[in-house]
Amino acid sequence: MASAHLVGLNQAQLRAVEHPPHIPLQILAGPGSGKTKVLTSRIVHLVTRHAVSPSSICAVTFTNKAAMEMRTRLGKMLTKEQVRQIKMGTFHALCAQFLRKYATLVGIGGNFTVCDADESKKIIGKMLKESDLKEFLKSCSITLSEGTAMSRISQSKAKGLTPHDLLDTWHSTSHTAPRKGKSKEKGPSLLTYEHLNAELGTCNTKQIIDYVAANLFAQYERTLRDNNSLDFDDLLVYGVKLFGENPKVGTWCEHVLVDEFQDTNSVQYELMRGLAASSRCVTIVGDPDQSIYGWRSAEVENLAKMRRDFATTQQIMLEDNYRSTGSILAVSLAIVAQDKARIKKTLNATHPQGPKPTLHCFPSDQAEASAVAHEVKRLVAHMGGVLSFDDVGILLRYNSLSRVFESAFRKEGVPTRILGGQRFFERVEVKDLLAYLQLVDNPAYLPAFGRVVNVPARGLGQKSIQELLVVAGKKGMSPLEVAERIYEGRMPDIKPPVKRKIGDFILSLKVLRKLASEGAGPASLIRRLLELVQYETYLQKTQEDWESRWENVKELINFASEMEDDLGVRSFDIESPDLDKGEDDWVDNGEDEYDEEELDDLGFAEVKTRPEESAPAKTEPETPLRAFLQASMLSTDTGQTDEKDKPKVTITTCHAAKGLEWPVVFIPVVEEGVFPSARAEDKEEERRLLYVACTRAQGLLYLTHASSRMMNGEKVFKKLSEFVSVITGPSEVRRASLALFSESPPEMTYGQCRTLASVLHRTAVDSEQRTKDVAELCVLVVVTTYGG
DNA sequence: AATACCTCGTTTTTT
DNA sequence: ACGAGGTATT
């Protein structure tokens, strides 16, 4: 008798699910080939047929959303408890969880704060503004933006390189006299840039930038460590360190499954290897054609690397597509096949051919957007209740292109939802409140201090804060600590009377810290915080749109209370292996330090932002606040309280659309400079991005472009993307012979509608409703065209 | 003298 | 939305 989890699988899928657990497996799965189904079924199979304990399975997804999705799917085949025990999440989230517990093993504090990309960038920005470096760069007439510096650092980290590695490479390739010994000992950026000026006299620009970047990297790392903070890359780097140096921490792992493997970077690969170190059981799912994160240091080569490292690796291809019509697949393949270096693969349509994708050019961006909105309305009307606005996706190359479409849809009265636009946790009001809480949990975290020390405005400007930082630096204390002492009169006040102004700030933090140490949940902490600093009044006074911002604050409280409720239900446990020490006693995490410290104001007071190197390995308890902060930092939610009852057209980026599908997909702005993006370094990756976008469509696909478009207030003439024109010929002389596309949208005849309904596995078109809807639409068109 | 408030230009893709 | 840059206000 076949088990439920094997029902409805095709031959290849079945082979993948039943593949022996101990033989490493690569599942090369084209879009729409049922990879998620295979992955979940394989997990179920491991648990039910091979008696693998759910708690010893590690399933890595690309986003937290994908993890939730997988949990839901597994919930239909396994018990709630079994699903909970599976260690599932992104590489980042998994690492964060383990690092919380075993922070001391890698020499960091368990109350580390996750530093988001924004704050990382600000840290780099500050370093670049330091006068000696600024002058040095100016003297070499080199411009180095914080963005480029940041991405260089991030790329190094993603490869697992340290500042020392970079400097070593630099010294061995540069022609200047090596100062290797000296700089290694003292730490690279102890050299002043005046010094460098003399040293680097003979270097070319690239070498200088390399050197500066390595120095910035070193300085940046020190800053993060001083702030007891890990950035996104650090979560992975320290994760590798944790599992690499402490094999026992990973012994629970019997099987690792990695989704979207083509988008993993070197460090993530090492992490996978580390997790699989003892069992050697690895299952990965990936598709080289869908590799679109090279800009984030993803390496498709990991597929080959895995075959080398796990010599017995076997491959299974999933080439049957269950998502799209034949003509959509034909267009998609025609686009991606232009990549000359691509390994030939195919996609077999299981659905009928369907209407041809539409390729249409409009005179302007405005015309394009409103035509798309119109077409959406026409389709919904013609499908007689089979299609709703929920079934339409607008996939854009980047977020800022969405403006035109948002307003066009608004004009047409079509509701939209923006997926992954400005993220919820990026909003100022949310970030302000989070910063307060971060400071409560980790007093050393400077970005949070800088953000809220004068929010609401307390009359503390740049000068006062700068001085505070200088004093803190001199004393080796955190600025918060200095502020606290000034307030308590245990330290002389700084010129502009800081003492008087900072009172409510210090008191608020004290109250919150006390509550948090008593185990108060994040929701109650936020509520208390709002009272303490009068945040609502502050919003009303300073923000025009304070009402919607206050809604976001309430939403944050909701999120926090949800977390309080299902803490321990949503996330897995980490069982303590018998590390050498007692795992139940826990370390003082530094939260009470302020009450008991007796330090000499003039002496070199020591801050314990770092645990003692010699401290025995102990594990830290997860406080509700800490769990909340971590979830917030790793979340990508938009926080939009979606009224589920109201269907909306989704507007999102091609990147964010990965793994999603819609019955109808529009890909607008398919133009040179956008596909590929003018800034893109890897043209083939951009081509694959368009391929990924096309393959999101189930029934209907539209590519549109405009011959002119407003950009930065200027009218610019645009050409059709070469990714498309190479197939069709340029729009002026489009070749009919290669008619993969149609220039006009499908008429939506009964036949076409029936085909569409069958592709979507939906019940047939209601002809009565169709007639009614179409009639209504016509009236509307007449009214809006001639009436207004 | 420090801080507050205003305007401007900039913004690929995301854990 | 956030800096940089200016001017007005404390």
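Modeller: The side chains of Glu-722 and Lys-683 form a salt bridge, 2.8 Å from N to O. A salt bridge here is a side-chain nitrogen of Lys or Arg within 4 Å of a carboxyl oxygen of Asp or Glu. This is a predicted model: local features need pLDDT of at least 70, side-chain atom pairs count only at pLDDT 80 or more, and totals for chains, interfaces and linings use all residues. Residues are numbered from 1 along each chain as its sequence is written, chains are lettered from A and ligands numbered from 1 in the order written, and side-chain values use heavy atoms, without hydrogens and water.

Biologist: How many residues apart in sequence are the parts that Glu-722 and Lys-683 tie together?

Modeller: Glu-722 lies in helix 31 and Lys-683 in helix 30. Helices are DSSP runs (H or I, at least four residues), as are strands (E, at least two), numbered from the N terminus. Because the two residues sit in these two helices, the pair ties together parts separated by 39 residues.

Biologist: Is Gly-30 buried or exposed?

Modeller: Gly-30 is in the loop between strand 1 and helix 2. Buried means under 20% relative accessible area, exposed over 50%, and partly exposed in between (1.4 Å probe, protein chains only). Since its relative accessible area is 5%, Gly-30 is buried.

Biologist: Which residues join Lys-35 in a network of salt bridges?

Modeller: The whole structure has 45 salt bridges. The network links Lys-35 with Asp-259, Glu-260, Asp-263 and Lys-658.
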